Amino acid sequence: MTGRARARARGRPPAQETTLPAVGAATAQRTLPSQLLLPQQPRAPPAVPEEPAGYGRRRHVQNVPQDQKEKRPKGLQISAGFQELSLADRGGRRRDFHDLGVNTRQTIEHVQESKTGTSGSVIKLVTNYFRLMSRPQWALYQYHVGYNPEMEARRLRSALLFQHEKLIGKTHAFDGSILFLPRKLNNKVTQVVSRTRNGDNVKITITLTNELPPSSPTCLQFYNIIFRRILKMLNLQQIGRNYYNPNDPITIPNHRLIVWPGFTSSILQYEENIMLCADVSYKVLRSETVLDFMYSLYCQVEEQRFRDACAKELIGLIVLTKYNNKTYRIDDIDWDGNPKCTFRKADGSEISFVDYYKRQYNQEITDLNQPVLISQPKRKASSLPGPVVLIPELCFLTGLTEKMRNDFNMMKDLSVHTRLPPEQRQREIGRLRDYIQNDENVQKELQDWGLNFDSSLLSFTGRVVQGEKIIQSGRVFDYNPQFADWSKETRGSPLICPKPLDNWLLVYTRRNYDTANTLVQNLFKVTPSMGIRMKKATMIEVDDRTEAYLRALQQSITPETNIAVCLLSSSRKDKYDAIKKYLCTDCPIPSQCVLARTLSKPQTAMAVATKIALQMNCKMGGELWTVEIPLKQVMIVGIDCYHDTLAGKQSIAGFVASMNQTMTRWFSRCAVQTRGQELVDGLKACLQTALREWFKWNKCLPSRVIVYRDGVGDGQLNTLVSYEVPQFLDCLKSVGKDYNPRLTVIVVKKRLNTRFFAQCGEALKNPPPGTVVDVEVTRPEWYDFFIVSQAVRNGCVSPTHYNVIYDTSKLKPDHIQRLTYKLCHMYYNWSGVIRVPAPCQYAHKLAFLIGQSIHKEPNLLLSDKLYYL
Amino acid sequence: MDKNFQEEQFRGMIKFTPPLSNQRYQFVKDLVEKYKPKKVADLGCADCKLLWMLKFCSCIELLVGLDICESVMKEKMHKLSPLPVDYLQPTERSLTVTLYHGSVAHEDPCMLGFDMVTCIELIEHLEESELKKFPEVVFGFMAPSIVVISTPNFEFNTLLPGLMLFRHPDHKFEWNRAQFQSWALETARHYNYLVEFTGVGRAPSGMENVGFCTQIGVFVRKYPQTSGFAQSEKSSETVYKMVFKAVYPSLKDEKYLQNTLVGEVISTAQIIKRCLLERLMSEHEECNHSTTERKAQLQPCFSKYISKLATEKSLESFVNGNVVYVPLKTIFSFPKVNQLCGTLERLRKLIAGQVTLSSDGYALMLSIEYENEEN
């Protein structure tokens, strides 16, 4: 798997399109035309009704009967005012990261009673969750506070209210109109009189509006606010959503990196309990500004490539400014802007960036010719509408660039510190608990609210499902399930469907003449046992220039050519892109690019040749192995997204669908999202063609369609449920009147904070591949489960979360879980189990190839082959 | 206590741009830039806005806030914590920010030895008894070199329509210019200070005769700093309660100095290594191939610098096997490194054990393997 794609393959909803800002305008207000064209995100919170007698501030008083549980679907806002007060406490973002209130399980009939599987052996697990304990009969009391005469200033309102501290108590949270108390006042409506310092009387009316049970959404939000307060009390620094300890940094001077250890946390209602999920988090910071980075890049690339290189390396990175504690994502670089440009301040006066930063923050800008960075704020309600302009010299880089991720040595140095084995990870998480338990102020705060955290991590039992046997040409292979890898066991065995290499090209440069010949010889050695018939390649020697490669391909490819192999002398992306683009669109044949360096080590040459032979075979439509799939007449679909941060910010969805019973052949298409168009429209078209193709292969239509949907960002679940799933259903309906297949849609999520540790006596280990968890840490309102499918050599394995958001299949949870795990065995580029079902990984590879190199839909002639591997 | 939104109510006729509260703070900030005090205290610091602005002034090493209301201070006190940048790029100056809960009518030894004490929109909130004690506490006990006091100018109120009596319900009084000036002059005389009057918030043209909206008195002590001995004599019991304390990372702290220096040394050595390897490679390529797509463009300033250094034989970096040797002396000659440690001996001492040195301790060793990426 390549790490490059990971960061970008994360979901971004289509409505978050961005536009270019006006030059130099820091907070210029502009209408964003693209946003007007796009349909509104359905997850926009409902407008908060203004109270008729309200005094100007927007607020929301809930006159909900006390016993009625609050179940508003979206926009679970405590109040506009409270959010204002506690914005920083809440991480400064209003997005619903936890997809609260998307209640999908209630629509799936057959899992109302139980959503748990049954098969496999029991395993004792520990997870990184702490139970939140509260007093029995605990509730949070929400009051509305009114003033007569009306008082404007929030602080004055507080001061007046807290003249009655005896009545209210010391523990409270008040935003100027809504008051939360841990205990109930004697009366439902309490009236008190306060005196201002100049002797005026103010009547204050405190009205109980809500009695919130511990599990109410408002309460959960409230816990999170309290917890963030606690983390701040522990003197942890907030960066983005997490909290870090700056006092014990890990420095990696070789790469100018500084790593801050810290924690990520969230409190949510899980299956049985409200729990705090806490995990270790590391923030990679760099003691280098964006300007420093640009300087050093300038020395490394040619002048004319400099701007592109900057864009490629910088766009999408998160920067931290020197003068405040905010992080911004770089969305663009404005080369026409510079620090001498002016912007309009909130008070209307014009000032240049140089003067502003000097005056406001005493920050000297030395390079007056640097370009400026553009960041589009995500939060609509931000006080500064429009794009934010940042000065490179005043921004520190955080995180890793693509280049760093590809730097094996750097990642190795880094992983020494950040990749913790299970026991160490558990210890680090335990440190958070210790901090909380040993800090008096924190304990007091918690006690005042009547809350506490369990002192030990949650432990429970999971199941390890049976390992899958690998079937290859009638032979069944057993392998060590601990390692989840069968490359040794199946080496040299005949493939299910070998494709002959009768007519193939090998293009190389003169310098790599020997390497090319060695490759051919090695292929001759490894292919016979696989059953691949191979003839001598047409060898073409070219200059090391992109045009030379393209000309050679143009001249030599005939309709009979099976595959074109290009031996590249460097990993220059433009050459690779040009070759791939030509061979995927204009002249559609499978292609294999190999870096000469990969073949250079004699000791690994045979292993590499084996791998290349397998990959080439897949690309030509061959099949390698399978596992037992009992389900008949089913089409499995995998979808993943790639979000292009450079070229026009288009998003690409990769779509693959299984074509046969053994899941060895996959049809693929992609949807390129253009401006003003929803990705899902393209997906609908993909599904339609996939069904047609299925019909061609099977002479019937599938009776079940199971969609594995990857690339869904936090907070996007509602969009998927209310928009994408109906479109799929529509599409199925449109196929024919009598056609009514069963549809299952499963959201696949890899980026999680959940960790499982297997308890082996006193020791904690990684749970073995095949571990399934569908209790305790799942969510009651979802039909969801976790699977640990892969094995890792070091560090902690991370489970994958599967959320079945739509299901008319009536398949038992156990069957869905087993099928999912089986599909994790079917990715042909890796002789082992992977983290996600193969269709997701194929879709990911496809979207990545299109997004990175091809930028448009490849020729459909290739669509039945795994050409994108 | 609240002073910043008091003017908000009078939006009708007069609007100050920037807001008057900001103008007051900017006035203090300008004064700090002028006098460069090291220790500054803000009495009645409320939401710590002024302290937050002042923490960016590089002359200040001790910043203290005092307020009678703990909850107001606590609300935004975390804005006074060090920023990530303060850890990433520690500066030479040390800075400590402390907040105390207490009254200006009480003396606490933690307020001794300040260069500047500011009381922005404070005195009008004091009860008569507190106001009486105030001069003795600030001018007599604390006795800083400079005191800044601002308060509303009652005469200006005629321009603020809809005002009943005072600008804020908590104001105990609002003085006209004569009242403030006579109080200030009397105080200055008694405690041996010089006072000058000014203000912020100009009246609209034609009505300038009412004076500034906010009147300010800047007091400068006439006698030199009292000796430490005299101060300790004055010290009494601590009565203030510390609410918040943040110590900023500084290069004066060896831990931060060492981290910064090691980082700088290694990155300097990496640059030298890169330049050296590129030079060797381009020489090598020229021998073999005439067609090279890629340039061997060195960072101009560095290449010149290095070639200049290379004239001295002992400062030359060289490659031996898979290792590049960069003499410490060469690294030391780079201005940033030089500035951080001062002497070569100190450099050696600080980086000992943190980097790989050649057996004679003469050069830094860097492995070449990293440079294999050919992009």
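Biologist: What area do chain A and chain B bury between them, and how much of it is on carbon and sulfur atoms?

Modeller: In this predicted model, chain A and chain B bury about 4,400 Å² between them, 50% of it on carbon and sulfur atoms. Buried area here is the accessible area (1.4 Å probe) that two parts lose on being put together, summed over both, so the value covers both chains. Local features need pLDDT of at least 70 and side-chain atom pairs pLDDT 80 or more, whereas totals for chains, interfaces and linings use all residues. Side-chain values use heavy atoms, without hydrogens and water, residues are numbered from 1 along each chain as its sequence is written, and chains are lettered from A and ligands numbered from 1 in the order in which they are written.

Biologist: How many residues does the contact take from each chain, and how many salt bridges does the rule find across the interface?

Modeller: The contact, meaning heavy atoms within 4.5 Å, takes 48 residues from chain A and 48 residues from chain B.

Biologist: What makes helix H22 of chain A mostly covered?

Modeller: Buried means under 20% relative accessible area, exposed over 50% and partly exposed in between (1.4 Å probe, protein chains only), and 10 of the 11 residues of H22(A), residues 813-823, are buried. Among them are A:Asp814, A:Arg818 and A:Lys822, together with A:Ile816 and A:Leu819. Helices (H or I, at least four residues) and strands (E, at least two) are DSSP runs, numbered from the N terminus.

Biologist: Why are S6 and S7 of chain A called paired?

Modeller: Two strands pair if DSSP finds at least two bridges between them, and S6(A) and S7(A) have seven, in the antiparallel sense, so they count as a pair. A:Val192 stands opposite A:Ile204 in S7(A), and A:Val192 belongs to the covered face of S6(A) with A:Thr190 and A:Ser194.

Biologist: What makes S9 and S11 of chain B edge strands?

Modeller: The open sheet has the order S9-S10-S11 in chain B, with antiparallel pairing, and its edge strands, S9 (318-320) and S11 (363-367), each pair on one side only. Three bridges join S9(B) to S10(B), residues 323-327, and B:Val319 stands opposite B:Val324 in S10(B).
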